[in-house]
Amino acid sequence: MSITLAQAETAVQAAKVKATELGTLMNIAIVDAGANLTAFAHMDGAWLGSIDISQKKARTARYFDMPTGEIGKLSQPGGSLYNIEHSNGGLITFPGGIPIKNADGDIIGAIGVSGSTVENDHIVAQAGVDALG
């Protein structure tokens, strides 16, 4: 089972609303269960460098089925996932990527957000996930 385009667009819209509430500009990527880009938004004026980061955050969250911030904690020197960010063509291991689950708890995709502080990135990503709750 995978996220639908309609669900992905709902998540993007909710994330854009939250970003606007926070007064920030974001890049928002949604990937399906196979980590394929399904929906994307580049808010006017958002950092160009964050386009790639948002997509990698979404893929990272899906590849490992956990929030990217949690992967970051495990990938510190001495951690069980140290240097994992060098795998899979480059991963992002700081907050802003979150798996998306359906009502049965199955992971159907992930969201990745980039364009502000990692705290704001995570808040905006969570808003996208919550819109599908």
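1. Basis of the note. The model is a predicted one, in which local features need pLDDT of at least 70 and side-chain atom pairs count only at pLDDT 80 or more, while totals for chains, interfaces and linings use all residues. Residues are numbered from 1 along each chain as its sequence is written, and side-chain values use heavy atoms, with hydrogens and water left out.

2. Fold. The protein chain holds four helices and four strands, where helices (H or I, at least four residues) and strands (E, at least two) are DSSP runs numbered from the N terminus. Along the sequence these elements follow the pattern α-β-β-α-α-β-β-α.

3. Overall dimensions. The radius of gyration of the protein chain is 13 Å, which agrees with the value near 14 Å that a compact globule of 133 residues would have; the radius is taken over C-alpha atoms, and the globule rule is 2.2 Å times the number of residues to the power 0.38. Taken along the principal axes, the C-alpha atoms fill a box of roughly 40 × 35 × 20 Å.

4. Of the 133 residues, 45% are buried, a class defined by under 20% relative accessible area, with exposed meaning over 50% and partly exposed in between (1.4 Å probe, protein chains only). Among contacts (heavy atoms within 4.5 Å) between residues at least 6 apart in sequence, 61% join residues at least 24 apart.

5. Helix 1 and helix 4. The axes of helix 1 (residues 5–22) and helix 4 (residues 118–130) come within 7 Å and cross at roughly 140 degrees, the axes being lines fitted to C-alpha atoms over the stretch in contact and the angles running from 0 to 180 degrees between N-to-C directions. Helix 1 is therefore oblique to helix 4, given that angles under 35 degrees count as roughly parallel, over 145 as roughly antiparallel, 65 to 115 as roughly perpendicular and the rest as oblique. The contact is made by A11, A14, A15, K18, A19 and L22 of helix 1 and by N120, I123, V124, A127 and G128 of helix 4.

6. A125. This residue lies in helix 4 and is buried, because its relative accessible area is 0%. Leaving aside residues up to four places away in sequence, A125 touches G96, I98, I111 and V113. The C-alpha atoms of A125 and P95 are separated by 9.1 Å, although the two residues are 30 apart along the chain.

7. T20. Placed in helix 1, T20 counts as exposed because its relative accessibility is 54%. T20 and M43 are 23 residues apart in sequence and 9.7 Å apart in space, C-alpha to C-alpha.
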